[in-house]
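Work through the exercises below with the model open. Try each task before you read its solution.

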Amino acid sequence: MHKESELRPPLILGDKTWHDITEDVCRPVESKANKWWWLAFSVSSAALLWWVISVSYTLGTGLGVWGLNKTVGWAWDITNFVWWVGIGHAGTLISAILLLFRQKWRLSINRSAEAMTIFAVICAATFIVSHMGRPWVGYWPLPLANQFGSLWVNFNSPLVWDVFAISTYFSVSLVFWYTGLIPDFAVIRDRAKTKMSKRIYTILSFGWVGSAKNWQRFEEVSLVLAGLSTPLVLSVHSVVSMDFATSVIPGWHTTIFPPYFVAGAIFSGFAMVQTLLIIVRKVLNLEDYITIYHIDMMNRIILITGSIVGVAYITEFFIAWYSGVEYEQYAFINRATGPYWWAYWSMMTCNVITPQLFWSSKLRENVFATFIISIFVNVGMWFERFVIIVTSLHRDYIPSSWAMYHPTWVEAGIYIGSIGLFFTCFLIFARVFPVIAMSELKTIIKSSSEGEKKKAAKHSNKSESHA
Amino acid sequence: MSASPKKFVYGIFNDDEVVLNAIGSLRKKGLKVKDVISPFPIHGLDHELGLDRTRISICAFIYGMTGMSLALLMIWYMNIFDWPMDIGGKPSYAFYKNLPAFIPVTFESTVLCAAHGMVITFLLRSKLLPGVEPNVIHPRMADDHFVMAIQIKDDSEIANVEAQLKSAGAVEFINK
């Protein structure tokens, strides 16, 4: 068995056995929801209802019900799309990249982070659908033979790359997540009390039995999927950034965009993981599994990616001046001092200054402070996309066409509604699915749980005193 | 399938290291250890049981290469052969000149085919599909118990096998 230093903090608190993990993870699935869950569920489904109304109104009447105009032709729709896709990135980073680096602390958080990825990409997709205005012709970006003769999609276009990137990312994330869920569904299946739940979890678990060959293949599949997902996740936000970077709009036409967007995506994704998990660990009594150490580790990632994002903002500004291009220079001066200065400085405060507070280990290990800062980061990253998109567009080359963008209630409804959609999905997930990858977590109990570490320490003390 | 169904004695263990160490010692005594069912992957179990290395990653590579070739073929046909377009004074007349712009879609298609092909192969090879009825030998075999399957010829062997399993650390026996 792999031995681990006693100095490393335990990843599972208390003296847990394998059976305790099963009990603790299955409890939310097997018990009835409390009134707090129902309250949260009602609020988020009410928001979801607002989404349905706003999207129906948009599709029924036309995109004119949004606040877009001739100058600002892309605003909240694409802001929210990029924001949601970015949030999704943390889940893949945790489950794929941390798997390749053999970081054991991923095991308590990967399942819920991957669920977050999937729901976030669904939310992003709703903006693609609604901003088309006519979603019934949504198949146009697909490479299909069509009624216009041999007119194919243009594979030189980043928007076509995006179609491939997002759909691959969504479907591969879903498959990765589901493969990990199969053994855990089998655990719930074997414990099911009623005929109905036995039936449901038998179907969901695909008849899984943990034979040696199955586990051997399972581990290989997980490893290869992690290896495939790692470049995939880095490519997705790079491609999203190229939607902007390959254009000729000052403020968008920036070669720094791909790495800058990827860092920002991981930054915002981890902030969302923190926001969700701080609530989940409390509500579902999982504080022994999602420990302060886990929160600290995620805060370190927020600190480093936040710093990368900060450096990117400053580099962008410097290069705009250094380029000597007047239009480029004006785009950036206008960002910081023009009519949208408040958006720019909200972004700078939330994304550059607040994460720097995490240099203090006291704040990193403080649950309340982490929660507040994670909200700041979520807000800041939303403003980042808004600033990049709207401030670059609203004052274009001819001053006579300069305009301001004002969102309407419909756009607000779609945005808040998408948050409702996200939380509705997540709340259902927390009651029906095992929120911790228990089968995988059981593999580290002997090396990394508090109880086993204490036993090992006692043992080594004894052998020292004998010597 | 053979005419007479195979008979097994199942030894139930409650520790991963005990079950791992038991395989070698029981085999030395002539027992046919066929499989170990565990609630989580045990490191080194496949080696101890003498299983072949899984070739599923080779499959993934082949699926990935297929995905890449299909994507390149599709892009070449649509944008170069069938309907070349002149965009911004940069005509798509030669495949190799446009290749850099075709990399993203080619890459995504490679990953798409590799990932889905591999997972579908995994599910089919392991006979995992919705509706498959699992063979649950012990109610806690997915929770915290380990099941070792020993193949026997006839019922006369049961007593001996159980005694051997007990000495190797098994806590319970089931024979079907």
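The exercises cover helix packing, the chain interface and the nonpolar core.

This is a predicted model: local features need pLDDT of at least 70, side-chain atom pairs count only at pLDDT 80 or more, and totals for chains, interfaces and linings use all residues. Residues are numbered from 1 along each chain as its sequence is written, while chains are lettered from A and ligands numbered from 1 in the order in which they are written.

**Exercise 1.** Describe how H3(A) and H7(A) pack.

Solution. 
- Find the helices, which are DSSP runs (H or I, at least four residues) numbered from the N terminus. H3(A) spans residues 76-100.
- Take the axes, lines fitted to C-alpha atoms over the stretch in contact, with angles from 0 to 180 degrees between N-to-C directions. The two axes come within 9 Å and cross at roughly 150 degrees.
- Classify the angle: under 35 degrees is roughly parallel, over 145 roughly antiparallel, 65 to 115 roughly perpendicular, the rest oblique. H3(A) and H7(A) are therefore roughly antiparallel.
- Assign the hand. The crossing is left-handed, meaning that the near helix is turned anticlockwise from the far one by less than a right angle.
- List the contacts (C-beta atoms, placed from the backbone, within 7 Å). Among them are His89(A) of H3(A) and His237(A) of H7(A).
- Sort the residues: Ala, Val, Leu, Ile, Met, Phe, Trp, Tyr, Cys and Pro are nonpolar, Asp, Glu, Lys and Arg charged, and the others, Gly among them, polar. The contact has eleven nonpolar, eight polar and no charged residues.

**Exercise 2.** Which helix gives the most to the side of chain A that touches chain B?

Solution. 
- Count the contact: 53 residues of chain A meet 56 of chain B.
- Find the contributors. H1, H5, H7 and H15 of chain A each supply at least two residues.
- H7(A) gives the most, with 16 residues.
- Chain A's side holds 29 nonpolar, 17 polar and seven charged residues.

**Exercise 3.** Locate the residues with the most contacts inside the largest nonpolar core.

Solution. 
- Such a core joins buried Ala, Val, Leu, Ile, Met, Phe, Trp, Tyr and Cys residues through C-beta atoms within 7 Å. Buried means 20 or more other C-beta atoms within 10 Å of the residue's own.
- The largest core has 185 residues, with Val273(A), Met118(B) and Met148(B) having the most contacts inside. H5(A) provides the largest share, 17 residues.
- Check Met118(B): its contacts include Val221(A), Val224(A) and Tyr63(B).

Conventions: Two residues are in contact if their C-beta atoms, placed from the backbone, lie within 7 Å. A residue is buried if 20 or more other C-beta atoms lie within 10 Å of its own, exposed if 12 or fewer, and partly exposed in between; C-beta atoms are placed from the backbone. Lists of a residue's contacts leave out its neighbours within four places in sequence.
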